[in-house]
Amino acid sequence: MVAPREEFLRLLGESLAAGTLIKLTLGRYHGAEATLRNLHVRPVTLRAGPHLSFVWRHAARDITKNHPPAAALAELATLIGGDFGSAHLFTTTQDAQLEFAADATARLKVMPHENLEPPSGEHDRRKQRTILPASPWLHRLGVTTASGAIREGMAAKFKQINRFIELLAPLVQDTPLPSDRPVEVADMGCGKGYLTFATWQYFHHVARRPVHVRGIELRPELAGLCERTARDCGCAGLEFAAGTIANVPAERLDILVALHACDTATDDAIAKGIAAGAALIVVAPCCHKELSPQLTAPAVLAPALRQGIFHEREAEFVTDALRTLLLEWAGYDTRAFEFISTEHTAKNLMIAAVRRTRSPDREAAAGRIRDLAAFYGIKSQTLAHHLGLRLTVA
Ligand SMILES: C[S@@+](CC[C@H](N)C(=O)[O-])C[C@H]1O[C@@H](n2cnc3c(N)ncnc32)[C@H](O)[C@@H]1O
């Protein structure tokens, strides 16, 4: 009988030769480098020909090195069962998981699955599409034709869907998520569900992690369309319900997504995510109406903010800045960045928040929030209200 480690190396070599290797991850590192966490390997095509790209993932940075196939396989053979106690191989036809026990005995589990698209090998990841046009739900939602071509007028939507997954994937990879049960995801204000289906597909076919995704949408006809589409396309672990975000029952939640949910619906969603202790919160705010009437121009800005457009943009900035500060107050690290370029929509900001393990200095955080609110004359804001934080000191 072939030993588990040797069989695993054989499967790795075979998938590399057949062009079916998607990726390899090595974990449970116990070598000499204090900050090294794991190693991700994937095939890439460089000018010099096919290579394997090694991404050494350290606590605070990644180091990438590319190796020709033979040298890469030789290095992996020393690492697997050497400094790494586990190895996970993902191919287009099967997954294989190798685990070493403390006494160095190895166990191999091979899990065949339905055929997946072979990796493109493109070195520039941005050109890779995670959501392929052939995905049946894209056709049912009107993005593609029956033959899988992008419909006229839907190219921007298709691009946005893929861009969202490009942004979501590294956030998911860097967030500690449960491995002993399906990851619980809620997309609040999901509309026609394009990004909800995409999130489900990312977990199901790319990250290959058990997932339960719920889409919540105010308009019953959209929730109904999405639910029927999910059932007809066999999307196990994806469901939709009609309802308002504010009435979503408090349930276990690992990832909260709310994209372009109108005005304070974004605040309702963030508050739900915080209350559920979500590890990752991703929002793209839209329709910033709430603070505009309250915004009082600070003296130095008053002449500029007489222009309606500047006033409006300042209100958007203050709203989203307060949201990030409130998330920090609630114990999250936040990042704000561009979601989609302005060629598609002016609402192009995304806020990503990852729950911290250390507790926040709430008093200092509250001080920063109240200072900003006072500077612009803001007395109330929905997320602050949900979190029970007064913006003015009595
Ligand atoms: C602009 S669409 C965005 C849809 C989707 N998230 C996207 O980015 O493609 C906003 C959706 O949020 C829904 N919505 C607004 N307020 C809501 C609320 N309080 N509860 C549930 N859904 C809401 C609207 O009906 C609408 O379908």
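**Close-up views of the sheet and the ligand shell**

**View 1. The seven-stranded open sheet.** In this predicted model, an open sheet of seven strands has the order E10-E9-E8-E11-E12-E14-E13, with mixed pairing. Strands (E, at least two residues) and helices (H or I, at least four) are DSSP runs, numbered from the N terminus. Two strands pair if DSSP finds at least two bridges between them. Strand E10 (238-242) and strand E13 (332-338) are the edge strands, each pairing on one side only. From one strand to the next, the twist averages 15 degrees. Residue numbers start from 1 along each chain as its sequence is written. Because the model is predicted, local features need pLDDT of at least 70 and side-chain atom pairs count only at pLDDT 80 or more, while totals for chains, interfaces and linings use all residues.

**View 2. The E13-E14 pair.** Strand E14 (residues 349-355) runs antiparallel to E13, and seven bridges join the two. Arg335 stands opposite Ala352 in E14.

**View 3. A helix on the sheet.** Helix H9 (residues 308-329) lies across E12, E13 and E14, at about 155 degrees to E13. Such angles run from 0 to 180 degrees between N-to-C directions, with axes fitted as lines to C-alpha atoms, for helices over the stretch in contact. Contact means C-beta atoms, placed from the backbone, within 7 Å.

**View 4. The shell around the ligand.** The ligand is surrounded by 18 residues, the closest being Gly189, Gly191, Leu218, Leu259 and Ala265. A residue is near a molecule if its C-beta atom, placed from the backbone, lies within 6 Å of it. E11 gives the most to this shell, with four residues.

Definitions and conventions. Contact = placed C-beta atoms within 7 Å.
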